[in-house]
Amino acid sequence: MKEKTVLITGGTSGIGLASARRFAKNDWNVVIMGRDMARGNAAAEEIVMTGKGRCLYVQGDVAIIDNCCQAVHQAVELTGSLDVLVNSAGVYLERAVEDMTETDFDRIMNTNIKGTYFMTQQAIAEMKRRGSGSVINISSDAGVQGNMLCSAYCASKGAVNLFTKAMALELAPYNIRINSVCPGDILTPLTETQLKQYPDRAAALKEMASVYPLGRIGTPEEIAAVVEFLASDQAGFITGAIWTVDGGITA
C-alpha cells in the first residue's frame, strides 16, 4: 500500500478522521476535505505527526461541484495519483416530514447524495486513467431501513446505496470497485451533539444503545477498519456491496 493516495471527504472529524488516521499509519498519502479550515489544518497536522505518509487538507464543500473537482486535482497534484475515494461527508437531521423546510431538505440532499455523486464523478476520471481504483461510500443503517423522524435522511442514504450498486456495474469494466458502508449509531461529534439535547447524557446514551443487539453503539475506529479493508487488495472481488456495520440493528 506504500505510496498510494486516499481522498476522504468529511475527513476532519468522526468516521472520516478515524479513516484518515488509519490510512496514514499504513503509509498512505492522505488528502482530507472539509469546510472548516481551522479544524482541517489541525487534523492534517495531527495525521502527519502520528502517521507515516503525507497529509494535505483541502478546504471545500462537496455540495459544490467546483470544490469536488479542485479536491481531486490537488490530491493528484500532491501525490501523482488517486487510488481510493472515501465519501464520508454527511449531514444528519431528525425532522417530521410536515416540519421539513426546503432549505433543510436541500442541505441534506446536497451533501449526502449530490456530494457523493459528483465527488465520485471527479475521482473516477483519474482512476480510469490509471486503470484501477476503489470508492467507499459512508451510508447508514437508515439507508437500509426506515428510521423514525428521518425521512429525508433515509431517502438520501437509500439513494447512496442504490447509486453504489449502479456504479459498480458501470465501473467494473475499468477495474474500479465501489462499495457502501452502513454504520448504525457511532460515537462521533454528530452523535455527541444529539446527546447534548438531553439533561442526562449517560442515560441518553444508554437508551440509544439499548436497541442494539450488541448492547452498545459503535466507534469511528470500527468503521474505519472496514473502510480500510474495502480499500485493500484483500477486497479485490468485492464491489456493489452494502456492508452493514451496525451492531445487529438491521439483522
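**View 1. Lining of the second largest pocket.** The residues lining the second largest pocket of this predicted model divide into 3 nonpolar, 6 polar and 5 charged. Here Ala, Val, Leu, Ile, Met, Phe, Trp, Tyr, Cys and Pro count as nonpolar, Asp, Glu, Lys and Arg as charged, and the others, Gly among them, as polar. The pocket holds about 190 Å³ of space. Of its 14 lining residues, Lys4, Ser132, Gly133, Arg177 and Asp233 are the closest to the centre. A pocket is an open set of points on a 1 Å grid over the protein atoms alone, where a 1.4 Å probe fits, with protein on both sides within 12 Å along at least five of seven lines; lining residues have an atom within 4 Å of a point. Points are joined across faces, edges and corners, and the volume is the space filled by probe spheres set on them.

Residues are numbered from 1 along each chain as its sequence is written, and side-chain values use heavy atoms, without hydrogens and water. Local features need pLDDT of at least 70 and side-chain atom pairs pLDDT 80 or more, while totals for chains, interfaces and linings use all residues.

View 2. All 8 of the 8 residues in E6 (residues 176-183) are buried, meaning under 20% relative accessible area with a 1.4 Å probe, protein chains only. Ile176, Ile178, Ser180 and Cys182 lie on one side, and Arg177, Asn179, Val181 and Pro183 on the other. In a regular strand, side chains alternate between the two faces of the sheet. E5 pairs with E6 in the parallel sense over 6 bridges; pairing takes at least two DSSP bridges. Gly133 stands opposite Ile176. Strands (E, at least two residues) and helices (H or I, at least four) are DSSP runs, numbered from the N terminus.

**View 3. The largest nonpolar core.** This core has 28 residues, of which Val6, Phe23, Val30, Ile32, Val86 and Ile136 touch the most other members. A nonpolar core joins buried Ala, Val, Leu, Ile, Met, Phe, Trp, Tyr and Cys residues through side-chain atoms within 4.5 Å. Elements giving two or more residues include strand E1 (5-9), helix H1 (14-25) and helix H8 (220-231). Another core, of 26 residues, lies apart; Met127, Phe163, Leu171 and Ile176 are among its members.

**View 4. Thr116 in helix H4.** Thr116 lies in H4 (residues 102-130). Thr116 counts as buried because its relative accessibility is 4%. Beyond four places in sequence, Thr116 touches Asn87, Thr111, Asn137, Val160 and Phe163, with contact meaning heavy atoms within 4.5 Å.

How values were computed:
Buried < 20%, exposed > 50% of the residue type's maximum accessible area, 1.4 Å probe, protein only.
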